[in-house]
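Here are my notes on this model, written as numbered points. Have the structure open while you read.

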Amino acid sequence: SGHELHPGSIDGSVTRVPDTPANREAFGSTGTADDSAPYPQVRDLLASDASARGALSVISGPSGGPKAEGEQALLDTMLTTCPQIFTPDRIWVMDRNFPGADRVARMLATGTHVLIRVKSDIALPQIGGFLPDGSYYSYLTGGPAAGRWCLKVRVIEYQVDVDGQDTGELFCLITDLCDHVSYPAAQLAAA
C-alpha cells in the first residue's frame, strides 16, 4: 500500500436559525423558490478528520441559492482562510457537488489529495487502456473560459452491493493518486 494518508471529509449541511427579518436577509432559506421557507438557514461546510470525527474547519454562509454553488463558494473560502488543513498527508473524500477542475486544481496546489465522487454527466474520456486494478486515466476540464483547467485524474468505477445483492448502481470516483500499485482501486473505493 502507498504512503499513509489520513482521510478527511468535506460535506455541507444547513442549520435553522431564528426567523427574524435580519436572519432572512443575511442567510435566506432553502426548499422554496420564493424564499418563504418556515425558517432562515445557515449553510455550513464542515471539513473533518474521517477517523477521529473531529472538526478541522467549519465555514458558514447564506443558504439561499442552489446547494452546489453555495457549497462550492464555501470551499473556495475554506481554501483561502484555512490552508493549514490541506496537507500532503490528507486525502479528502467529497461528494458530487465539488468536482470543478479549477477548484480541484486549487486543492491539489496545496499538496493535498482528493477522492471525489463525480456525477454521471461529467465526461471522463479514457486515456490509454485499463490499469491492472481496473482503473484508468482521464482528465477533468473546466473553469473560466480564459483559464480553463485540464487535470489528469485516475478514474475508479465500481458497482455497489447491498447485503450481497448488486444494486446496479455504478459509482465513479476521481483521484489525483495515479499510482495504482501504491493506491489500488479497491482500497480507494472502500474509502
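1. Start with helix H3, residues 101–109. Its buried residues are Ala-101, Arg-103, Val-104, Ala-105 and Met-107, where buried means under 20% relative accessible area, exposed over 50% and partly exposed in between, with a 1.4 Å probe and protein chains only. Helices (H or I, at least four residues) and strands (E, at least two) are DSSP runs numbered from the N terminus. After H3 comes Gly-111, with a positive phi near 100°.

2. A word on where this comes from. The model is predicted, so local features need pLDDT of at least 70 and side-chain atom pairs count only at pLDDT 80 or more, while totals for chains, interfaces and linings use all residues. Residues are numbered from 1 along each chain as its sequence is written, and side-chain values use heavy atoms, leaving out hydrogens and water.

3. Next, the aromatics: there are 3 aromatic pairs in the structure. Rings of Phe, Tyr and Trp (its six-membered ring) pair if their centres lie within 6.5 Å; planes under 30 degrees apart are stacked, over 60 edge-to-face, and the rest tilted. One of the pairs is Phe-86 with Trp-92, tilted at 50° between the planes and 5.4 Å centre to centre. Phe-86 is buried at 2% relative accessible area, and Trp-92 is buried at 0%.

4. How far apart are the ring centres of Tyr-158 and Phe-171? They are 5.7 Å apart, and the planes meet at 20°, so this pair is stacked. It links distant parts of the chain, with Tyr-158 in strand S7 (residues 149–162) and Phe-171 in strand S8, 13 residues apart. Tyr-158 is partly exposed at 23%, whereas Phe-171 is buried at 14%.

5. Two charges sit over rings, meaning that NZ of Lys or CZ of Arg is within 6 Å of the ring centre and within 35 degrees of the ring normal. Arg-90 has its charged end over the ring of Trp-92, 5.5 Å from the centre. Lys-152 does likewise over Tyr-137, at 4.2 Å.

6. Last, the largest pocket, with about 210 Å³ of space. A pocket here is an open set of points on a 1 Å grid where a 1.4 Å probe fits, with protein on both sides within 12 Å along at least five of seven lines; lining residues have an atom within 4 Å of a point. Phe-171 turns up again in the lining, with others including Arg-96, Arg-117, Lys-119, Tyr-136 and Glu-157. Strand S8 (residues 165–175) gives the largest share of that lining, 3 residues.

Terms used:
Points joined across faces, edges and corners; volume = space filled by probe spheres on them.
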